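Hi everyone, thanks for coming. Let me walk you through a few spots in this structure, so please have a look at it first.

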Amino acid sequence: MSNFSVTEPSNRSKWIAGFLVITYALITMIPLVWILLTGFKSPADAISYPPKVVFDPTLEGYVNLFTTRTRQTQEFLEANPPQNWADEIVRQYDMVIVGPSKFGERFMNSVIIGFGSTFLSIFLGTLAAYAFSRFKVPLKDDLLFFILSTRMMPPVAVAIPIFLMFRNLGLSDTHLGMILLYTGVNISLAVWLLKGFIDEIPREYEEAALIDGYTRFQAFYKVVLPQAATGIASTAIFCLIFAWNEYAFAVLLTSANAQTAPPFIPTIIGIGGLDWPAVAAGATIFLIPVMIFTILMRKHLLRGITFGAVRK
């Protein structure tokens, strides 16, 4: 008898698959590694040709990202020695630090708007998906198609109407306005993804809970939601990525109070043009929250083994 199995891959297939996965991962990580390294380069090394792989690391990009600087005379510099290591870095350009930059505020705006719209999208999307999945909603197919159609048009097609509407409602350059806008865009994705997950949860679970005396809301909260945790986690990641990286609406509808990091980072100006090390440093820091959120949600990304466990 042979030990060959048509379902178990051979060792050779495993080695080939592992090699392809590792190669693909390394290739996709090259841009991220390059951005990370650029954040520790000097402005001259960042724009050098050919590009420098080996260089003397410096924190100049991070200092320029978080501070505002001004040029001073030699007499002023001699009369006021550097107070810390950040002052010493900017003194080589005859400059002094006069205060913090706006990156911290823009970053916090991204956190508030991104996570706020994600929470609201998941909350409303879960309720709508449960209703479409479990109840006989009139014109359900038409409504689902209408919800999905909101993502079929490019943002620039509705940019001017949204701008005029927000201006008349007083929502321009506000956190609430951006949260509502991103929620409106993300809710279609949330409804369709979550409906697919809830459809796979056997109705017998809820029927058993209702027989045991649970109300419909208790059955939804204590039975359906835990089973749909995988779908909620994956949907939350997609919604957060859109709200976190969105650029067009952020440029059009915000300028000061609610401006997020994406439109701010490309405007960081250094000596003679864009400060590429500071831009790369800002992009690196900007990636961290989404990466941490994805890592925290990774255990929920795989489907639960109980889906379809009850035979109908």
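Let's begin with Y130 and F220, which are both buried, meaning under 20% relative accessible area, with exposed being over 50% and partly exposed in between (1.4 Å probe, protein chains only). Before I go on: this is a predicted model, where local features need pLDDT of at least 70 and side-chain atom pairs count only at pLDDT 80 or more, while totals for chains, interfaces and linings use all residues. Residues are numbered from 1 along each chain as its sequence is written, and side-chain values use heavy atoms, leaving out hydrogens and water.

F40 is partly exposed, at 28% relative accessible area, whereas Y62 is buried at 16%. Ring pairs also link F66, F103, F107, F115, W244, F264, F286 and F293 into a cluster.

Here is another ring for you: the charged end of K222 sits over Y214, 5.4 Å from the ring centre. That label asks for NZ of Lys or CZ of Arg within 6 Å of the ring centre and within 35 degrees of the ring normal.

Leaving aside residues up to four places away in sequence, K195 touches A129, F132, S133 and L144, with contact meaning heavy atoms within 4.5 Å.

Terms used:
Rings of Phe, Tyr and Trp (its six-membered ring) pair if their centres lie within 6.5 Å; planes under 30 degrees apart count as stacked, over 60 as edge-to-face and the rest as tilted.
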